[in-house]
Amino acid sequence: MRLPVDEFTFWILFNVFVLAMLALDLGVFHRKKHIIKFHEALGWSILWISLAACFAVLVFFWHGRGAALEFTTGYLIELSLSVDNLFVFLLIFRYFRVPRADQHVVLFWGIVGALIMRGLFILAGVGLINRFHWVIYVFGSFLVYSGIKLFRAKDLEIEPEKNPVLRLVRRWIPVTDRYEGSKFFVRRQGLLATPLLAVLVVVETTDLLFAVDSIPAILAITRDAFIVYTSNVFAILGLRSMYFALAGMMEAFHYLHYGLAIVLIFIGAKMLVSHYYEVPTAIALGAVIGVLGFSILASLVFPQKKAEEP
């Protein structure tokens, strides 16, 4: 059974759905500023994962088993990379001492910007691979390099003061010396930016760097722009609620980045050998689930020892 819907209509309906969910999120459910508790965040996380699962079923009836497997694999890869990115966002919020009640609005607009940037990246990436086949080897080599670099990484540090975009913003826009609630700009003898805008700039530019890894990774699974785009969107939309659900326990998954490194190396190798051997999507999905599951299990079985205070 196939759904009698053409791809153009599916693109329109999906983006209408995304816009509607964003409007409900900010305009209805989070209209009143409040600190998002664990149970609320967990509920939203379950909702987004459930919606992604339902969409996979729609893809199955629309394009068949192969496309549904590609969506599921791509979604899992994007979601796992996003979880690792959450730790960086946590460090950014700690560095700038962002009040917990204002973190939601930063992540909301950060996600809106990420959706736009990811869409442009996906169109460019798919276009390049379809036009120049050798680009797939460039992407594959980059993923292998990124995986090796992530595997060797130890302590994660952020240095926002070295961010060139943030420097440019501070040079051209006066910034207040304190937060002004959830506002990015205030008008006081002219237009002034608040420190919250600086945080948003750092979050957006950081996500841009993350996209350089994540987009080629899913392009190793499929070159169908719609599948790449929708799996990215679902992973990004669930990112905010997942942050608040996992904020207090992210440091517990200390082996996760090793699992992600292996996944990146595996996906990169898959791209490099694609001309000689096409790894079945089901095997790729099983490998990703196995590696990530083992790294999470290892983190729980062998918890990280806390450094002794001098």
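Ser274 sits in the loop that runs between α10 (256-272) and α11. This is a predicted model, and here Ser274 counts as buried because its relative accessibility is 15%, under the 20% cut-off. From C-alpha to C-alpha, Ser274 is 8.8 Å from Ile136 in space, although 138 residues separate the two in sequence. Ile136 is one of the buried residues of helix α5, so let's pick up there.

**Helix α5**

- Helix α5 takes in residues 135-152, 18 residues in total.
- From first C-alpha to last, α5 reaches 26 Å, close to the 26 Å expected at 1.5 Å a residue.
- Its buried residues are Val135, Ile136, Phe139, Gly140, Leu143, Ser146, Gly147 and Leu150.

**Aromatic pairs**

- The count of aromatic pairs comes to 20.
- In one of them, the rings of Phe14 and Phe55 have centres 5.3 Å apart and planes at 55 degrees, so this pair is tilted.
- Phe14 belongs to helix α1 (residues 7-29) and Phe55 to helix α2, so the pair ties together parts that are 41 residues apart in sequence.
- Phe14 and Phe55 are both buried.
- Another pair joins Phe151 and Tyr258: the ring centres are 5.2 Å apart and the planes stand at 70 degrees, so it is edge-to-face.
- Since Phe151 lies in helix α5 and Tyr258 in helix α10, that pair ties together parts 107 residues apart in sequence.
- Phe151 counts as partly exposed at 40% relative accessibility, and Tyr258 is partly exposed too, with a relative accessible area of 28%.
- Ring pairs also link up a cluster, made of Trp11, Phe14, Phe17, Phe55, Trp62, Phe71, Tyr75, Phe226, Tyr229 and Phe234.

**The second largest pocket**

- The second largest pocket holds about 380 Å³ of space.
- Its lining has 18 residues, and Leu79, Val83, Met242, Leu246 and Ile296 are the ones nearest its centre.
- At least two lining residues come from each of α2 (38-63), α3 (65-96), α9 (239-246) and α11 (281-301).
- Helix α2 gives the most to this lining, with five residues.
- By type, the lining of the second largest pocket splits into 16 nonpolar residues, two polar and no charged.

Methods:
Residues are numbered from 1 along each chain as its sequence is written. This is a predicted model: local features need pLDDT of at least 70, side-chain atom pairs count only at pLDDT 80 or more; totals for chains, interfaces and linings use all residues. Side-chain values use heavy atoms; hydrogens and water are left out. Helices (H or I, at least four residues) and strands (E, at least two) are DSSP runs, numbered from the N terminus. The expected span of a helix is 1.5 Å times one less than its number of residues. Buried means under 20% relative accessible area, exposed over 50%, partly exposed in between (1.4 Å probe, protein chains only). On a 1 Å grid over the protein atoms alone, a cavity is a set of points where a 1.4 Å probe fits but cannot get out, and a pocket is an open set with protein on both sides within 12 Å along at least five of seven lines; lining residues have an atom within 4 Å of a point. Grid points are joined across faces, edges and corners, and a volume is the space filled by probe spheres set on the points. Ala, Val, Leu, Ile, Met, Phe, Trp, Tyr, Cys and Pro count as nonpolar, Asp, Glu, Lys and Arg as charged, and the others, Gly among them, as polar. Rings of Phe, Tyr and Trp (its six-membered ring) pair if their centres lie within 6.5 Å; planes under 30 degrees apart count as stacked, over 60 as edge-to-face and the rest as tilted.
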